[in-house]
Amino acid sequence: MTSSQELASLRKMGFASAVIPAFNELPITSLAWLGDAVYELYVRQNLFLTCRSKSGQLHKLALRYVSAEAQAEAAGVLYDTLTDEDQALFQRARNTKPKSRAKNADPRSYALATAVEAVIAKIYLSGDLPYLERSLKLIYEVLESEQRDS
């Protein structure tokens, strides 16, 4: 199945909304919560398809991509590819004061990861699946490259 066929299939299954909500009215933490799930599914799918490992090993590999520190590392590269509207959302999310402390991340990394996740959710909800795929692939490839270099 080609990438465009996969995206069409996802759309038929209801994975992308046809109704674009007013993103400036949605809580950043809720957008980040959804974006976290979308991004983690992308990472898990890629690892599942490319690594022949047991679930415990796949989980350890996934953590290298989904941690706040990892997402913060890719944030700058992603930001440069975003539309003006998405850059504004990124900045709003990055500047949001968290209601709780991050357990395993410094405040800067947590803020950048929140911004990345919020933008992913916005792109996902907007239904622009090619843009979503490009953004997720970019993050993944940046982190994959860093994994190889270390």
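Axes are lines fitted to C-alpha atoms, for helices over the stretch in contact, and angles run from 0 to 180 degrees between N-to-C directions. The model described here is predicted: local features need pLDDT of at least 70, side-chain atom pairs count only at pLDDT 80 or more, and totals for chains, interfaces and linings use all residues. Residues are numbered from 1 along each chain as its sequence is written, and side-chain values use heavy atoms, with hydrogens and water left out.

The protein has seven helices and zero strands, where helices (H or I, at least four residues) and strands (E, at least two) are DSSP runs numbered from the N terminus. Along the sequence the pattern is α-α-α-α-α-α-α. Contact means heavy atoms within 4.5 Å. Among contacts between residues at least 6 apart in sequence, 75% join residues at least 24 apart.

Helix H5 (residues 84-94) packs against H6 at an angle of about 140°, with the axes 8 Å apart. H5 is therefore oblique to H6; angles under 35 degrees count as roughly parallel, over 145 as roughly antiparallel, 65 to 115 as roughly perpendicular and the rest as oblique. Residues of H5 in the contact include Leu 89, Phe 90 and Ala 93, and those of H6 include Ala 115, Val 119 and Ile 123. By class, the contact of H5 with H6 has ten nonpolar, one polar and four charged residues. In this grouping, Ala, Val, Leu, Ile, Met, Phe, Trp, Tyr, Cys and Pro count as nonpolar, Asp, Glu, Lys and Arg as charged, and the others, Gly among them, as polar.

The axes of helix H6 (residues 107-126) and H7 come within 9 Å and cross at roughly 155°, so H6 and H7 are roughly antiparallel to each other. From H6 the contact is made by Val 116, Ile 120, Ile 123 and Tyr 124, and from H7 by Tyr 131, Leu 132, Ser 135, Leu 136 and Ile 139. The residues of the contact of H6 with H7 divide into eight nonpolar, one polar and no charged.

Ser 135 lies in helix H7 (residues 129-149). The relative accessible area of Ser 135 is 4%, and the residue is therefore buried. Apart from neighbours within four places in sequence, Ser 135 is in contact with Leu 78 and Ile 123.

Technical notes. Buried means under 20% relative accessible area, exposed over 50%, partly exposed in between (1.4 Å probe, protein chains only).
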